Amino acid sequence: MQLGMIGLGRMGGNMASRIREAGHTIVGYDRAPDSGRDVESLEELVETLQAPRVIWVMLPAGIPTDSTITALSTLLSAGDLVIDGGNTKYSDDAPHEQELAAHGVHFMEAGVSGGVWGPKNGYALMVGGSTEDFDIALPFFNALKPEGDAGLVLAGPVGAGHFAKMVHNGIEYGMMQALGEGYATMTHSDLIDNPTEVIDSWTSGTVIKSWLLDLLALALKKDPNLASMPPVANESGEARWMVDAALDLGVPVPATAAALFARQTSRGGSDDALKVVSALRGQFGGHITEK
């Protein structure tokens with residue numbers, strides 16, 4: 001089959017390669033001339049693909065994705081299919097679907113997980129859209145997913161795929177924070193001689209065994225004590241969206257919220273707040289905080 005891929009960066013480029021390896025034809029477009037693109041414009045991409053076209057958009061959420069879908073709505077023909085595989089907020093999916101539907105163009109969206117390991121291990125795909133469109137795109141999904149029966153799900157209608165990926169990333173935040181707190185507790189204890197060896201021992205036979213734990217053990221072997229790692233972790237938006245959605249749904253998510261705020265704290269946003277706390281402790285209790 002033939003697929004147009006818009007966005008040939010770290011994720012899109014690797015995904016395009018995996019689909020090619022499965023025997024499909026990829027026509028790739030990216031704004032960057034040195035991206036390895038096959039065509040130099042969206043217009044040329046649409047002209048090159050045979051109708052009915054399937055185009056996968058793999059761009060940053062927000063304006064890059066919004067503007068591309070708007071452009072495609074006027075370039076594509078009725079019966080064509082657009083798949084948004086970026087980290088778009090789930091609430092933006094319905095407007096994208098409506099914009100394309102006004103021109104007879106179909107729309108699906110897919111939450112994609114796998115990162116830099118995806119080309120080798122495959123990508124987990126959480127898809128939102130109709131069963132009919134899912135069946136059309138299934139050869140591409142099968143090319144991307146890991147081997148075996150798991151790793152691909154039609155989560156529901158348009159919006160469900162990105163919603164599922166949002167929840168996935170919120171869980172990821174909590175798991176990563178728990179691993180970090182456990183490691184930090186061991187490093188501050190005089191009883192643990194080698195936290196790296198303890199972490200490595202957990203990767204087999206324990207109830208917390210996971211891919212994230214394996215990756216932590218790998219990172220510690222490459223960089224003992226994580227000396228080269230800055231104590232800063234940015235947040236890309238998904239956990240914030242999950243906390244917002246959970247509040248609207250009346251679902252308590254304290255672990256996800258705590259992990260989100262821990263990342264924000266690491267970026268220095270809490271410095272002024274802690275100054276206020278120290279000042280107040282000094283005012284009412286005479287506590288002196290030394291630098």
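Two strands pair if DSSP finds at least two bridges between them. Keep that in mind for the first stop. One caveat: this is a predicted model.

Start with β6, residues 124–128, and β7. They pair in the parallel sense, over four bridges. Within that pairing, Met-126 stands opposite Val-153 in β7. The chain gets from β6 to β7 through α6, and this β-α-β crossover is right-handed.

α6 covers 131–144, β7 covers 152–156, and Lys-145 sits in the loop between them. What is the nearest side chain of opposite charge to Lys-145? Asp-149, at 6.2 Å. A salt bridge needs a side-chain nitrogen of Lys or Arg within 4 Å of a carboxyl oxygen of Asp or Glu. Lys-145 has none, yet it is buried. What does Lys-145 touch, beyond four places away in sequence? Arg-18, Gly-122, Tyr-123, Leu-125, Ala-150, Gly-151 and Leu-152.

On to the packing. The largest nonpolar core has 24 residues. Those with the most contacts inside it are Leu-3, Met-5, Met-15, Ile-19, Trp-56, Ile-83 and Phe-141. Several elements each supply at least two residues of this core, among them β1 (2–6), α1 (10–21) and β5 (106–113). Which element gives the largest share? It is α6, with six residues.

Look at Phe-141 in more detail. Leaving aside neighbours within four places in sequence, Phe-141 contacts Trp-56, Ile-83, Leu-125, Val-127, Phe-134 and Leu-152. There is also a second, separate core, of 19 residues. Leu-49, Leu-72, Val-105 and Val-158 are included in that one.

Next, backbone geometry. Which peptide bond is cis? The one from Ala-51 to Pro-52, with omega near -5°. Pro-52 is in the loop between α2 (42–48) and β3.

Last stop, the loop between α9 (211–222) and α10 (238–249), which holds Asn-225. Leu-226 lies in that loop between α9 and α10 too. Asn-225 is not glycine, yet its phi is positive, near 70°. Leu-226 is not glycine either, and its phi is also positive, near 50°. Asn-225 has a relative accessible area of 60%, so it counts as exposed. Leu-226 has 23%, so it is partly exposed.

Technical notes. Residues numbered from 1 in each chain as written. Predicted model: local features only at pLDDT ≥ 70, side-chain atom pairs only at ≥ 80, totals over all residues. Heavy atoms only, no water. Buried < 20%, exposed > 50% of the residue type's maximum accessible area, 1.4 Å probe, protein only. Lys, Arg positive; Asp, Glu negative; His and termini not counted. Contact = heavy atoms within 4.5 Å. Right-handed = clockwise from strand over helix to strand, strands pointing away. Core = buried A, V, L, I, M, F, W, Y, C linked by side-chain atoms within 4.5 Å.
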